[in-house]
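Please walk me through this structure, part by part.

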Amino acid sequence: PRSKLPDVGTTIFSVIGQLSAQHNAINLSQGAPNFPCDPLLVESVSRAMREGHNQYASMLGLPALREVLAEKVLGLYGRDYDAGSEVLITGSASQGLYMAIAGLVHAGDEVIFFEPAFDSYAPVVRLQGATPIALKLQQPDFAINWDEVRAAITPRTRMIIINTPHNPSAQVLSDADLAQLAALTRHTDIVVLSDEVYEHILFDGRRHCGMATHAELAERSVVVSSFGKTFHVTGWRVGYCLAPAALMEEVVKVHQFMMFSADTPMQVGFAEYLRNPHTWLSLGEFYQRKRDLLAQALGDSPFRLLPSAGSFFMLASYGHFSDESDSEMVKRLIVDHGVATIPLSAFYTDGTDNRLIRLSFAKDDATLLLGAQALCQVL
Ligand code: GLN
C-alpha cells in the first residue's frame with residue numbers, strides 16, 4: 001500500500017520489549033509496573049462481570065465513574081467539570097490523545113509539541129494532514145523555552161501539546177509555565193492538549209500544575225489522563241479526557257465512531273474503587289522511594305543520573321565514558337549485561353542523540369536492585 005507514515009517503524013516500546021524478552025533481560029524499559037495492583041480493584045471488576053455488567057456502557061462512559069472523576073478533579077484542582085458533558089471515558093490515554101487530535105486538528109494546521117516527546121504525538125498529527133512543529137526542551141533541565149514557543153506560533157497553529165509530569169525527561173511544569181502558556185494562547189483559537197497521565201506521581205513535595213488548576217487554561221484545554229499509571233493496571237486500557245463542553249463535543253464525535261463506549265466492567269470497578277482516595281494520594285511517596293532506591297543502587301555505576309521530579313522515569317547519561325550512540329548502548333546493555341532501557345533518541349523525530357538512556361522505576365524492589373547491579377558492570 002501507499003504508506004501514510006512511510007518513515008515510521010514499530011514503536012520503541014515494542015522493539016525493546018521484544019529484545020529484552022529474547023535476552024531474558026531485567027526490564028527497566030517500558031513504563032509499566034511489574035508488581036500487582038490492589039486485589040480489591042480486581043475484585044471490584046470481577047464482581048462487575050459476575051453481576052452482569054457486560055454490555056455497552058453509555059457512550060461518554062459510565063455515569064457513576066464520570067461523576068466520581070468530576071468530584072476528584074474538583075477536590076484536587078478546583079475545576080468543576082460537568083460529568084454529563086465534560087468528562088469522557090476512553091480506551092486508554094493513548095486513545096484519548098488520538099481522538100483529541102483527530103477531532104480538533106484540521107488538515108494544514110500546525111501543532112506545536114516539545115521533544116523529547118512520547119512517540120505517538122507527531123505521527124497522529126501527521127495522520128490528520130497537519131504539520132507537527134517540534135520544539136526542543138532545553139538541556140539540562142528540559143524546560144520549555146517560551147520565547148521559542150512565541151516565535152513558533154503562526155496563524156495556522158491549532159494546538160499545543162503539553163505533558164506534565166513529562167515522559168521521558170521526568171520534569172514538571174510550574175505555575176510560571178502555565179502563566180506563560182496562558183499568555184501565549186490568550187485571544188487565539190489554539191487548543192492545549194495536556195497529557196497528564198503521571199499527575200499523581202510528583203516528588204519532593206511538588207504539586208501537580210495541570211491545566212485544571214488554571215481557570216483560564218482549563219477553558220481551552222483537553223486534559224488526558226489514565227487509570228493504568230495511577231492504579232498499576234497499564235494493561236486494562238482505560239483512560240479519560242476532561243474538556244469544556246464545546247471542545248469535548250468534537251472529541252466525542254470521533255470517540256463515538258472509534259469505540260462508542262469504553263469497557264463496562266472496568267468502569268464499574270473503577271467507579272467503586274475511586275470512592276477511596278488513599279491509593280493516588282500516596283502514589284508520589286510510593287514512587288519517590290523507588291526512585292531513591294534505584295538512584296542509590298546506581299551510586300557506584302559509571303552513569304550520571306539526571307534529577308527526576310515526577311513520573312516513574314529517570315534519565316542517565318554516559319557520554320563521559322562512551323562514544324556509542326544511545327541505541328548501541330541500549331542494545332549492548334540488553335545483550336551483554338541483561339538489562340533493558342530506552343534510548344532517548346527514540347523520543348526525537350530527528351533522532352537527536354544526547355547520549356542518554358531512560359530507566360523506568362515502576363518495578364518491584366528486587367528488579368530495581370538487579371537492574372542497577374547490571375548497570376554497574378557496564379565498564
Ligand atoms: N508510556 C509508556 C512508556 O513510555 C509506554 C506506553 C506504550 O508502550 N505505548 O514507557
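The residues around it are Phe-13, Gln-30, Gly-31 and Asn-167. Here a residue counts as near a molecule if its C-beta atom, placed from the backbone, lies within 6 Å of it. This shell holds one nonpolar residue, three polar ones and no charged one. In this sorting, Ala, Val, Leu, Ile, Met, Phe, Trp, Tyr, Cys and Pro are nonpolar, Asp, Glu, Lys and Arg are charged, and the others, Gly among them, are polar.

Two notes on the model belong here. It is predicted: local features need pLDDT of at least 70, side-chain atom pairs count only at pLDDT 80 or more, and totals for chains, interfaces and linings use all residues. Residues are numbered from 1 along each chain as its sequence is written.

Asn-167 also takes part in a cis peptide bond. That bond runs from Asn-167 to Pro-168, with omega near 10°. Pro-168 sits in the loop between β5 and α7 (175–185). Element names follow DSSP runs, numbered from the N terminus: helices are H or I with at least four residues, strands are E with at least two. The bond from Gln-139 to Pro-140 is cis too, with omega near 0°. Pro-140 is found in the loop between β4 and α6 (146–152).

Next comes a sheet. Seven strands form it, in the order β2-β8-β7-β6-β5-β3-β4; it is open, and its pairing is mixed. Two strands pair if DSSP finds at least two bridges between them. At the edges stand β2 (87–90) and β4 (131–136), each pairing on one side only. Neighbouring strands are turned by 20° against each other on average, direction ignored. Angles run from 0 to 180 degrees between N-to-C directions, and axes are lines fitted to C-alpha atoms, for helices over the stretch in contact.

Look at one pair within this sheet. Strands β7 (residues 221–226) and β8 (residues 239–242) are antiparallel and share four bridges. Val-223 has Leu-242 of β8 as its bridge partner. Helix α4 packs on the sheet and touches β2, β5 (157–163), β6 (191–195), β7 and β8. The direction of α4 makes about 160° with that of β7. Contact means that the C-beta atoms of two residues, placed from the backbone, lie within 7 Å. Helix α3 (residues 63–77) lies across β2 and β8, at about 120° to β2.

Which angle do the axes of α4 and α10 make where they cross? Helix α4 (residues 93–104) and helix α10 (residues 245–258) come within 8 Å and cross at roughly 115°. That makes α4 roughly perpendicular to α10, a label for angles of 65 to 115 degrees, with under 35 roughly parallel, over 145 roughly antiparallel and the rest oblique. The crossing is right-handed: the near helix is turned clockwise from the far one by less than a right angle.

Beyond α10, the loop between α10 and α11 (264–273) holds Phe-260. Its phi is near 65°, a positive value in a residue other than glycine.

A further open sheet has four strands, ordered β9-β10-β13-β12, with antiparallel pairing. β9 (304–305) and β12 (342–343) each have a single partner strand, so one side of each is left without a neighbour in the sheet. Five bridges link β10 (residues 313–317) to β13 (residues 356–360).
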